[in-house]
Amino acid sequence: MAIRKIVHIDEEKCNGCGLCIPNCAEGALQIVDGKAKLVKDIYCDGLGACLGHCPQGAISIIEREAEEFDERAVEEYLKSKKDDDNLKNTTKQHIHHGGCPGSMIRQFNNASNQEQNIKVSSRLRQWPVQLSLVPATAPYLNGADLLITADCVPFAYGNYHNDFLKDRAVVVGCPKLDDIEYYIEKLTDIIKLNNLESITVLKMEVPCCSGMMYAAKTARDRAGSDIPIKVVTIGIEGDILKREYV
């Protein structure tokens, strides 16, 4: 045992979003009972690669008595986790996002929604829409009202096209499944290179979706902009829970 630098998680602040998990190459963090936890002291190198990926500011580096970092133990631990996965294409989910409250299976009974034969015209004005595919210099971004949409939102919010997409340029992504740092870099370029009129972020109520707001705010700061960001939180049953400016 020695006094050394090691990760500390403030459980009061942690909402279990899981954005820190994929950024710990040693696998030292896991989501347990809806909170990020340090698996073992020997798996944490204390370098803090996970720090910048917590939108709640729940992770810090402290000095305390702990077992020394053991690189060989980390290699064996990561290998054992891979060996335990029967399906290769589910490895990432098990390692990075296990236990995330946003992944809990739910079923809704929208009895009040009667079937109506109403055709709604698409308000989409551009292509592509995925943030990873949209060039930062796309002409439709210049002077635009930018809508940053978590990709579950259009499925949950029935009137998405008329209430939000109309007259806006849109980029879509998932902060849980994709690289949040790449999102930040792309959004930084978009804000720097285009004289945006406004930025609106649409996110779901699940904790992992807060990464969309975090990416937008961080990108704005890196771009040196003071443009207000409107954030709208959508409930999983399709209602608007909160509107705020950040």
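At what angle do the axes of helix 5 and helix 6 cross? They cross at roughly 45° in this predicted model.

## The helix 5 and helix 6 crossing

Helix 5 covers residues 180–193 and helix 6 covers residues 210–222. Their axes come within 8 Å. The two helices are therefore oblique to each other. The crossing is right-handed.

Helix 5 brings I180, E181, Y183, I184, L187, T188, I191 and K192 to the contact. Helix 6 answers with G211, M212, Y214, A215, A216, T218, A219, R220 and R222. By class, this contact has 10 nonpolar, three polar and four charged residues.

## Overall make-up

The chain has 246 residues, and 44% of them are buried. Its secondary structure comes to six helices and nine strands.

Take the contacts between residues at least 6 apart in sequence. Of these, 73% join residues at least 24 apart.

The largest nonpolar core has 50 residues. Those with the most contacts inside it are I148, V153, Y160, L187, I190, L196 and M204. Several helices give two or more residues to this core: helix 3 (153–156), helix 4 (160–165), helix 5 and helix 6.

Leaving out residues up to four places away in sequence, I190 touches L131, A136, L141, L146 and L196.

## T200 in strand 7

Is T200 buried or exposed? T200 has 4% relative accessibility, so it counts as buried. T200 sits in strand 7, which covers residues 198–204.

Setting aside neighbours within four places in sequence, T200 is in contact with L146, L147, I148, R168, K230 and V232. L146 is also touched by I190.

G57 is found in the loop between strand 3 (35–38) and strand 4 (59–66). G57 is partly exposed, with a relative accessible area of 43%.

G57 and C14 are 43 residues apart along the chain. Their C-alpha atoms are separated by 7.9 Å.

## Backbone points to check

Which peptide bond is cis, with omega near 0°? It is the bond from W127 to P128. P128 is in the loop between helix 2 (91–97) and strand 5.

Two aspartates have positive phi although neither is a glycine. D33 has a phi of about 55°. D33 lies in the loop between strand 2 (29–32) and strand 3. D33 is exposed, with a relative accessible area of 76%. D167 has a phi of about 65°. D167 lies in the loop between helix 4 and strand 6. D167 is partly exposed, at 49% relative accessible area.

Notes. Residues numbered from 1 in each chain as written. Predicted model: local features only at pLDDT ≥ 70, side-chain atom pairs only at ≥ 80, totals over all residues. Heavy atoms only, no water. Axes fitted to C-alpha atoms, helices over the stretch in contact; angles between N-to-C directions. Helix = DSSP H or I, 4+ residues; strand = E, 2+ residues; numbered from the N terminus. Parallel < 35°, antiparallel > 145°, perpendicular 65-115°, else oblique. Left-handed = near helix turned anticlockwise from the far one by under 90°. Contact = heavy atoms within 4.5 Å. Nonpolar A, V, L, I, M, F, W, Y, C, P; charged D, E, K, R; others polar. Buried < 20%, exposed > 50% of the residue type's maximum accessible area, 1.4 Å probe, protein only. Core = buried A, V, L, I, M, F, W, Y, C linked by side-chain atoms within 4.5 Å.
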